[in-house]
Amino acid sequence: RIRLPKSLKSIGPGAFNSCKLKTTLTIPKGVKTISADAFYGSSLKGIVIPDSVTKIEEGAFRYSNLKKIVIPDSVTKIGEGAFYYCDRLRSVKLPRNLKKIEKETFYECKNLKSIAIPGKVKSIGGWAFAYTGLKSTVLPEGIKKITSCVFFGCKNLESITIPGSVKKIDSWMFDDCSKRLVIHGKKGSYAETFAKKQKITFSEM
């Protein structure tokens, strides 16, 4: 078992890099930052994040063996590739105050079947969900564009709801996705125009 001091204010860069312990780590309340690559390649089966944490930096959990993680609402920034290639990750709760999902955040999370994208998210970076196991997702109102292969290679993706605020979608956005993909959206929306152009089934909400 790992016990961290209560006086700790941050988990430093690479602090648990390639940690082989298969246990659950509880981060003490008071920690504000989980630094870049802090848990890179870690075998920890679980990590409990307190509501004092406000920032998770680039690649903090990449290549780790995490299966589930709950990110408290105190977190307002999650860095690029934070969960890159966490191929055992099945469940993620994102914080409700998150405004941007950075590029490659969940790249190659093959066992991630679903995720609730918080309503305040206005931007999703390139390849953020590429090659994940997502079966369905709902994008919140306010997002204006979906670009740079956000959902590329999601072979299980069968349903996506695209809000009326979206005015641009890259033509190759859903390449190598399920042939059963249905785009849900408003009649007359850009999503409908895109779906017809790409010969993807469209369902009016």
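**Salt bridge within a helix**

Glu192 counts as buried, because its relative accessibility is 12%, which is under the 20% cut-off for that class. The model is a predicted one. The side chain of Glu192 meets that of Lys196 in a salt bridge, with 3.2 Å from N to O, and Lys196 counts as exposed at 58% relative accessibility.

- Glu192 and Lys196 both belong to helix 1 (residues 190-198), and because they are four residues apart there, about one helical turn separates them.
- Elsewhere, salt bridges that share partners join Asp73, Lys93 and Arg96 into one network.

- Asp73 lies in the loop between strand 6 (68-70) and strand 7, whereas Lys93 lies in strand 8 (residues 91-93), so the pair ties together parts that are 20 residues apart in sequence.
- Asp73 is partly exposed, with a relative accessible area of 27%, and Lys93 is also partly exposed, with a relative accessible area of 39%.
- Glu102 and Lys77 form a salt bridge through their side chains, at 3.2 Å from N to O.
- This pair links distant parts of the chain, 25 residues apart, since Glu102 is in the loop between strand 9 (100-101) and strand 10 (123-124) while Lys77 is in strand 7.
- Glu102 counts as buried at 12% relative accessibility, whereas Lys77 is partly exposed, with a relative accessible area of 38%.

- Four strands form an open sheet in the order 1-3-5-7, and their pairing is parallel.
- The edges of this sheet are strand 1 (10-11) and strand 7 (77-78), each of which pairs on one side only.
- Strand 5 (residues 55-56) pairs with strand 7 in the parallel sense over two bridges, and the bridge partner of Ile56 in strand 7 is Ile78.

**Surroundings of Thr137**

- Thr137 has its place in strand 11 (residues 136-138), and Thr137 is buried, because its relative accessible area is 4%.
- Leaving aside neighbours within four places in sequence, Thr137 is in contact with Ile115, Ile117, Phe151, Ser159, Ile160 and Thr161.

Note on methods: Residues are numbered from 1 along each chain as its sequence is written. This is a predicted model: local features need pLDDT of at least 70, side-chain atom pairs count only at pLDDT 80 or more; totals for chains, interfaces and linings use all residues. Side-chain values use heavy atoms; hydrogens and water are left out. Two strands pair if DSSP finds at least two bridges between them. Buried means under 20% relative accessible area, exposed over 50%, partly exposed in between (1.4 Å probe, protein chains only). Contact means heavy atoms within 4.5 Å. A salt bridge is a side-chain nitrogen of Lys or Arg within 4 Å of a carboxyl oxygen of Asp or Glu.
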